Amino acid sequence: MTLAIVLAADPAAGQLTERLAAQWRRAGADDVRIAADLTELADLVAAATGPVLVSGADLVAHTAVLKHLATSPVGPTVALVLTDPPAPGQATVREERGQVVEVDAADASGVFGGALRVGAADLPALADAARRAAGSAPARASAPDARLAEPLLAPGAVDMASASGAGTADAAPKTGVGAAGGGPLGAVDRLVADLAARGTLIFAQRVRLLVAHRVGDEAQRAAAEAAVAAVDEDRAELKLSVKERDDFFTTFFVSTWSPYVTKAAARIGIGPTGVTMVSVAFAVAAAVLFGVGGRPALVAGAVLLYLGFVLDCVDGQLARYTRHFSAWGGWLDTMADRFKEYVVYAGLGFGATHAGFRYGWALALAAMTLQTVRHMTDTWYGALHDEAARRPKVVSADAGGIGGKLNAASTRVQADTGSVSYWLKRTVVFPIGERWALIAIAAALFGPLVALVAVLVWGALAFAYTGGLRTLRARWMRVPVMATVDAGLHRDDGLLARTLPTTRRPLLLAVLGALGAAGTLVWALLAVHGGGDLPVFVPVLALVLLLGAAQASRAPHEGSLDWLVPAALRAAEYLFAIAVGVAGRAPAWLIFGYVLVLTLHHYDLTARLEKRQSAPPLHAATLGWPGRSLLLAIGLIAGYASIALATLGAYLLVVFVASVVLAWVVLPARARGGVRSPG
């Protein structure tokens with residue numbers, strides 16, 4: 001249950017208090033209370049069991065602004081941030097990467113908007129902050145009626161507040177809202193400042209296209225109300241469903257018309273999950289057509305791929321427009337995106353092979369492996385950046401170094417959204433829109449082989465570009481990001497790694513493991529091409545290097561480049577599995593299928609990391625990458641590489657599906673029924 005609290009003491013204005021209470025109800029709050037002071041607010045928060053929405057009484061905004069704050073998917077605790085100049089008593093904030101990293105900052109990027117949502121885990125901190133702020137606040141001139149804390153049973157009930165004494169103008173000067181006063185922060189501002197000082201992770205909710213202002217007198221209030229009335233709320237929300245900053249192809253060839261599809265889907269009642277499923281169907285159909293070959297099929301496949309990508313954008317736009325967010329929807333969107341792309345690679349690989357190119361499946365495998373490793377570096381570099389934003393600035397001495405200069409240059413380019421350099425930077429990294437556009441155009445005009453080669457070439461160049469720049473910037477930031485996460489879980493180490501002795505230097509060992517696997521694959525390719533067999537000592541030596549990388553599982557990942565460890569381990573496992581398949585002369589489609597199952601498992605872990613969720617229910621049953629590699633090596637040495645790949649792949653797929661059912665169906669149903677979920 002979501003509780004909304006309007007703090008009438010900061011400042012107290014009858015009409016605004018009543019209107020805000022009604023707006024919170026329309027924004028989705030299950031219960032709305034009006035607190036007379038911070039002590040009363042602390043008591044209400046202490047009794048709450050779900051998210052709490054808190055606002056002062058000086059906020060004039062569209063109801064959609066409050067709804068966006070209440071339903072924001074970025075994190076459990078979110079603060080409204082405005083670009084208005086700060087008034088006396090209002091807290092300024094500095095944000096980085098969507099996080100409020102400092103309150104009352106000298107280099108502020110905005111002003112606190114007087115409203116925040118606090119997640120259940122942060123409620124004790126909020127209650128304590130309210131009590132601390134109440135103890136340091138000046139005494140009130142008059143005590144309000146105790147009935148201010150009574151729940152508002154319905155939006156219409158707030159219209160009777162003046163009759164009952166709740167939030168009436170008698171609690172404040174008749175002139176209106178009143179300023180928070182010069183110098184000390186207002187009550188709600190003190191709350192957000194205290195939460196930030198405690199290290200609470202607070203995300204920023206910016207206002208775009210809609211209107212929100214904190215007002216200090218009748219003139220400001222009248223101006224803010226006029227600004228609210230001048231904006232078509234629904235039309236603005238539809239525009240807001242499109243990402244503010246997207247990639248070139250998506251911005252100019254999809255988002256120009258996809259909102260119309262979003263509006264239509266909302267009208268007929270199709271949810272984001274339904275749109276995602278249709279998008280998957282389009283991508284699978286495109287993959288089949290790419291595999292069939294022939295110009296009509298290739299052109300039709302390209303059209304379906306484009307339409308599938310449009311729907312891939314629509315599902316997110318629909319979720320933002322209807323405010324239907326869920327952990328399941330976010331997870332499904334991530335998994336569906338990767339599955340669609342890799343199924344298309346499979347179709348291209350089959351089509352290239354069918355057209356007479358011997359290594360079509362090999363190119364598809366290379367594209368899938370490259371893209372997965374790239375995604376792992378993207379995820380962990382993002383985690384590195386988030387961690388750096390939350391930490392005190394310690395790199396000023398190196399501000400003139402190459403890392404500092406790159407960071408400053410990147411910031412300037414990102415800020416200049418209309419420049420050629422901005423769009424060039426967003427395009428050269430080869431995002432999903434550009435990948436799908438390249439595949440569609442190349443396949444339709446030249447065929448599957450050219451499409452795969454183009455994806456590999458551009459992908460490799462983009463990987464080299466982003467990897468090099470990020471490495472330099474990471475060394476400049478000097479943030480041991482993996483010291484803050486469960487390294488064993490997100491390395492996907494498993495039981496075998498935990499039984500090995502611990503050694504240090506995780507990145508060096510992971511790179512050696514990847515090089516050993518790559519060398520084994522090259523040797524296997526040469527041996528098979530020459531008609532011979534891979535010597536037994538080669539996979540054994542590679543396995544030894546892999547197990548060496550596993551020994552760093554419990555070692556601190558404190559190096560500035562240790563964010564690269566998960567990506568290196570993914571490369572090592574995939575390359576070793578492909579080498580086993582090549583050396584054992586397994587069918588190419590079987591090797592592709594096995595690696596595809598591995599990518600689904602690893603993207604599951606990645607999605608959970610990004611959403612700050614725990615491990616999948618059956619994670620221990622996946623054996624960890626060292627255990628899986630050991631079983632494949634045994635299968636190769638025994639002469640049953642194909643059987644090992646097929647059996648282990650089928651097992652992992654069953655575990656993955658069972659884990660998904662447990663995580664998203666069984667355990668939530670038990671929790672709703674009052675049955676405690678297993679820890």
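Does Asp122 count as buried or exposed, and at what relative accessibility? These legends walk through a few close-ups.

This is a predicted model, in which local features need pLDDT of at least 70, side-chain atom pairs count only at pLDDT 80 or more, and totals for chains, interfaces and linings use all residues. Residues are numbered from 1 along each chain as its sequence is written, and side-chain values use heavy atoms, with hydrogens and water left out.

**View 1. Asp122 sits in the loop between β8 (110-118) and α4 (123-136).** Asp122 counts as buried because its relative accessibility is 18%; buried means under 20% relative accessible area, exposed over 50%, partly exposed in between (1.4 Å probe, protein chains only). Beyond its neighbours within four places in sequence, Asp122 is in contact (heavy atoms within 4.5 Å) with Thr77 and Thr200. Leu195 is 73 residues away along the chain, yet its C-alpha atom is 8.7 Å from that of Asp122.

**View 2. Helix α14 covers residues 360-390.** Helices here are DSSP runs (H or I, at least four residues), as are strands (E, at least two), numbered from the N terminus. The 31 residues should span 45 Å, which agrees with the 46 Å between the end C-alpha atoms; the expected span is 1.5 Å times one less than the number of residues. Of the 31 residues in α14, 27 are buried.

**View 3. The largest nonpolar core has 118 residues.** Such a core is a set of buried Ala, Val, Leu, Ile, Met, Phe, Trp, Tyr and Cys residues joined through side-chain atoms within 4.5 Å. Phe290, Tyr345, Phe592 and Tyr594 have the most contacts inside it. Helix α23 (residues 565-583) gives the most to this core, with 15 residues.
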